[in-house]
Amino acid sequence: MKYAQVLVTAILLLAISGCEMGPKSGRGFSLPEGDPEKGATTFVDLQCNACHVISGKPDIKQIASPEVTVELGGQVQRIQTYGELLTSIVNPSHKLAKGYPDAMIADGERSKMTNYNSAMTVEQLIDLVTFLQGAYEIKPYVPTHYQPYY
Ligand code: HEC
């Protein structure tokens, strides 16, 4: 790499990391471990199961028939961090769930998910995140099968 390229790369890296360390970044955020069983109860108590089902948890039955049911849990390429899961709950419009047409799950840029911020306790939130995180698993890696080359 030429000197100029090294310099540009260094400046870019500084700019990127600079954004991550700003006062509004998630830096320093650490969630205590919750109780997944209480999280499951909270999920039903707060009627999250009006709009969601959870993969691998058939006992949590859906109690409504919304336009779209968003499935939580199951096999994924990467398990969401608790920061991402918590954000999905307290600030759902920040990043909409993948795999659904935006028009189905949002009105404009606003998620159709209920806002619980003045109804939920912090403990309920922590338990929910712990419970939900445990419902995801990494998709097993399937190696490509190559034909032997003769
Ligand atoms: C009125 C329907 C509704 C209710 C009730 C609801 N949600 Fe949602 N939820 C949605 C929709 C629609 C989305 C997809 C849009 C988005 O990502 O915000 C979503 C997305 C999510 C996601 C992100 C999923 C992903 O794959 O990124 C999580 C996590 C979640 N909800 C958890 C909850 C929890 C926990 C509760 C109960 C405290 C709840 N939701 C209650 C409608 C709802």
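## Ligand site

The ligand sits in the largest pocket. A pocket is an open set of points on a 1 Å grid over the protein atoms alone, with protein on both sides within 12 Å along at least five of seven lines; a molecule sits in it if more than half of its atoms lie within 2 Å of its grid points.

This is a predicted model, in which local features need pLDDT of at least 70 and side-chain atom pairs count only at pLDDT 80 or more, while totals for chains, interfaces and linings use all residues. Residues are numbered from 1 along each chain as its sequence is written, and side-chain values use heavy atoms, without hydrogens and water.

Around the ligand are 22 residues (a heavy atom within 4 Å), and Cys48, Cys51, His52, Ala97 and Met113 are the closest. Helix α3 (82–90) is one of the elements that each supply at least two shell residues; its three residues are the largest share.

| Residue | Protein atom | Ligand atom | Distance |
|---|---|---|---|
| His52 | side-chain N or O | nitrogen | 2.8 Å |
| Ala97 | backbone N or O | oxygen | 2.7 Å |
| Ser111 | polar side-chain atom | oxygen | 2.7 Å |

His52 (NE2) and Met113 (SD) are the protein donors of the ligand's iron atom, at 2.0 to 2.2 Å; donors are N, O and S atoms within 2.8 Å of the metal (3.2 Å for Na, K and Ca). His52 lies in strand β1 (residues 52–54) and Met113 in the loop between β5 (110–111) and α5, 61 residues apart.

How values were computed:
A polar contact is a pair of N or O atoms within 3.5 Å; within protein, one must be able to donate a hydrogen and the other to accept it, and residues adjacent in sequence count only if both atoms are side-chain atoms. On a 1 Å grid over the protein atoms alone, a cavity is a set of points where a 1.4 Å probe fits but cannot get out, and a pocket is an open set with protein on both sides within 12 Å along at least five of seven lines; lining residues have an atom within 4 Å of a point. Helices (H or I, at least four residues) and strands (E, at least two) are DSSP runs, numbered from the N terminus.
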